[in-house]
Amino acid sequence: MIAYLIRRVGQAVVVVIGVMILTFILIHMEPGSVARSILGIRATTSRVAIFNATYGLDQPLYKQLWNYTDQVFHGNLGQSFYQQQQVSTLFAQALPRDIFLLGTSTVLALLIALPLGVYQAVKRNGLADNLLSGTTFTLYTMPTFFFAMLMVGLFAVQLHWLPPTAPQATSVAGMLADPRALVLPEATLTLTQIAGFSRYMRSSVIDTLAQDYLRVCRAKGLGERLVLWRHVLRNSFLPIVTILGLSIPGLVGGAIVVEDIFNYQGMGLLFYQAALRHDFPILLGATLLGGVLTVIGNLAADIAYGILDPRVRYAADK
Amino acid sequence: MQPINSTTTRFDELDAGEIHGDGRRWYALREFFGNTQARVGLAIIVLLFLFCFLGPVFYHTNQVKVDLLTKDFAPSKQHLLGTDDYGFDVIGRLMRGGQASFGLGFAVAGVTTVVGTLYGAVAGIIGGVVDAVMMRLIDTLLSIPGIVLLLIMVNIFTPTLFTVILVLSLLSWLVVARLVRGEVLSLRTRDYVLAAKTMGSGTGRIMWRHMVPNAFGVIIVNATFSIADAITALSTLSFLGLGMAAPYADWGTMLSNGLNDLFDGYWWLIYPPAILLILTIIGFSLIGDAVLDSLDVRLRRR
């Protein structure tokens, strides 16, 4: 187990360093000068020179990469060109908001989707299942931005029930003070996630229902409800664990469309604006964070899988 | 790829590929067409295809000259679904847009499939250090969240149809490569591959005659899904303001442009492209699911 972990972490470090180098090269492939795009076309040559010297952009690319790597290993993600703030400060503000938004919507979605998936699988190919499958499938294929705009159009513009923007407070506690404004972004994310989860859950439960051990459970006299809740639900949950692990990097940019529509100041919006403004340090930092989160997510999913399912042996895995 | 030794050719032609393989392929096809999902999906796609590619033959509209005097007309007898921001007839625009959407989807799926299959097959067959290095590269690229990579790429390349196809393909070949490699690794140990090797087939021949046809199921399923994914991805990009400029139109771009007029009540600019877009994605997803069922390949969509 420990040897396995060490090997996995070793691989992860290689991947993260790879992510850093690749993004660095990619971003610097962008044509035109960064200084010009930040300072504007009317900036004087000396201003441009000062800007380049300040951020070390006048050095050769390999040296810039080295400097950046050095910085990162000292726990410094650099300073945003545009906002003149430490990237880590910006992330520290944005990330908790995403953890809150995506965390709560994912939990809500799971609470609804898991029983829904079990219900659909038990009553499969009946009228209710077909209706639900059709609905979730349509929701699943619908572009998120379209769905979100429809929600805004209906609940904010036509019915005036809910505000069309997310709360603008800087802290999570501040956002909770305005719960009405949270409803639309939360609902959009929850509903789109239900669509995905329940589809997986349905097919997973169908697989589980065909297993022999359920016959044993029924034969020893367990009620149908107990069989479903204790034995089917738990075992069908395994594939969802993997999906959950893989969705952790979604914290960086996963909710970008929803954040853009509701002006929710999270990582996605931060990244999106940085991409439009050529704000390299934020782009690099966010990608790096995304890489780290992916690696953590994969590892967490594998470990959780091993705990939940004793049949999985770490040694057998590569 | 042509073997030099003629004996090898004759023996190879007799093995699994021809007789046995054909039967299995027919079986898969029969299974596929017996599936309701598959039939519905195919029907949707065929109908949409006819609408896009045969439609303009019967329904002539001006799609070239911008006419601001007929801008944003509501549906009438003259324009059955009204006109858009440039004065183009919406039905005619939908036909044009559909051609673009399908074109984009198929182009991305094509590039993705070819590149991914080659990469995955090469990695799987050579194995060892080469395989490890090739796979770490894939891991690395997959570790960058897709939308993040997409935004960076769109910033580097000015969006034109060619670069968008390139960028979307760059993102989606990774999964194919991984799947094909996995298939190849498991196929490599099969007896018939050993048999082919004993008869003197080279690596290239084994790859094309034995590995790729047998990994075909995985490949086709992924291609179907990547058509749908590419169309959705472009629509998201154009919603974020990073899509292609005005004379170009596909359903996703039309939808995201139409949403600008959502609160003015110009429903004919929003719902028609939305419905067609969703139908397309449903169609391809149904086909993909059905192929998956008919081949009974256990793989999870990422």
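Predicted model: local features only at pLDDT ≥ 70, side-chain atom pairs only at ≥ 80, totals over all residues.
A crossing counts as right-handed if the near helix is turned clockwise from the far one by less than a right angle.

**Entry 1: H5 and H9 of chain A**

I began with helix H5 (residues 87–122) and helix H9 (residues 179–209) of chain A, whose axes come within 6 Å and cross at roughly 35 degrees. With the rule above in hand, I looked up the hand of the crossing of H5(A) and H9(A), and it is right-handed. I then sorted the residues of this contact by class: 19 are nonpolar, eight are polar and two are charged.

**Entry 2: H9 again, now with H11**

I stayed with H9(A) and turned to helix H11 (residues 224–236) of chain A. The two axes come within 8 Å, and they cross at roughly 125 degrees. H9(A) is therefore oblique to H11(A). H9(A) passes H11(A) in a right-handed crossing too.

Which residues of H9(A) and H11(A) meet? From H9(A) I noted A:Met201, A:Ser204, A:Val205, A:Thr208 and A:Leu209, and from H11(A) A:Val232, A:Asn235 and A:Ser236.

**Entry 3: chain A as a whole**

I stepped back to look at the chain. Chain A has 15 helices and zero strands. Its C-alpha trace spans about 85 × 60 × 35 Å along the principal axes. Of its 318 residues, 34% are buried. For contacts in chain A between residues at least 6 apart in sequence, I found that 71% join residues at least 24 apart.

**Entry 4: chain B as a whole**

Buried residues account for 47% of the 302 residues in chain B. Of the contacts in chain B with a separation of 6 or more, 74% come from residues 24 or more positions apart.

**Entry 5: H11 of chain B**

I checked the length of helix H11 (residues 216–239) of chain B. Its 24 residues should span 34 Å at 1.5 Å a residue, and the end C-alpha atoms are 35 Å apart, so the two agree. H11(B) is also mostly covered, with 21 of its 24 residues buried. Just after H11(B), I came upon B:Gly241, which takes a positive phi of about 85 degrees.

**Entry 6: where the chains meet**

I then looked up the interface: 37 residues of chain A are in contact with 27 residues of chain B. On the chain A side, helices H1 (2–28), H6 (127–141), H7 (144–158), H13 (256–262), H14 (267–276) and H15 (280–308) each supply at least two residues. H1(A) gives the most, with eight residues. By class, I noted 24 nonpolar, 11 polar and two charged residues on the side of chain A that touches chain B.

**Entry 7: H7 of chain B**

My last stop was helix H7 (residues 146–156) of chain B. Nine of its 11 residues are buried, so H7(B) is largely enclosed by the rest of the structure. Among the buried ones I listed B:Gly146, B:Ile147, B:Met153 and B:Asn155. What do the buried residues of H7(B) pack against? I found H1, H13, H14 and H15 of chain A, together with helix H8 (161–187) and H11 of chain B.

Terms used
Residues numbered from 1 in each chain as written. Chains lettered and ligands numbered in written order. Contact = placed C-beta atoms within 7 Å. Helix = DSSP H or I, 4+ residues; strand = E, 2+ residues; numbered from the N terminus. Nonpolar A, V, L, I, M, F, W, Y, C, P; charged D, E, K, R; others polar. Axes fitted to C-alpha atoms, helices over the stretch in contact; angles between N-to-C directions. Buried ≥ 20, exposed ≤ 12 C-beta atoms within 10 Å, placed from the backbone. Expected span 1.5 Å × (residues − 1). Parallel < 35°, antiparallel > 145°, perpendicular 65-115°, else oblique.
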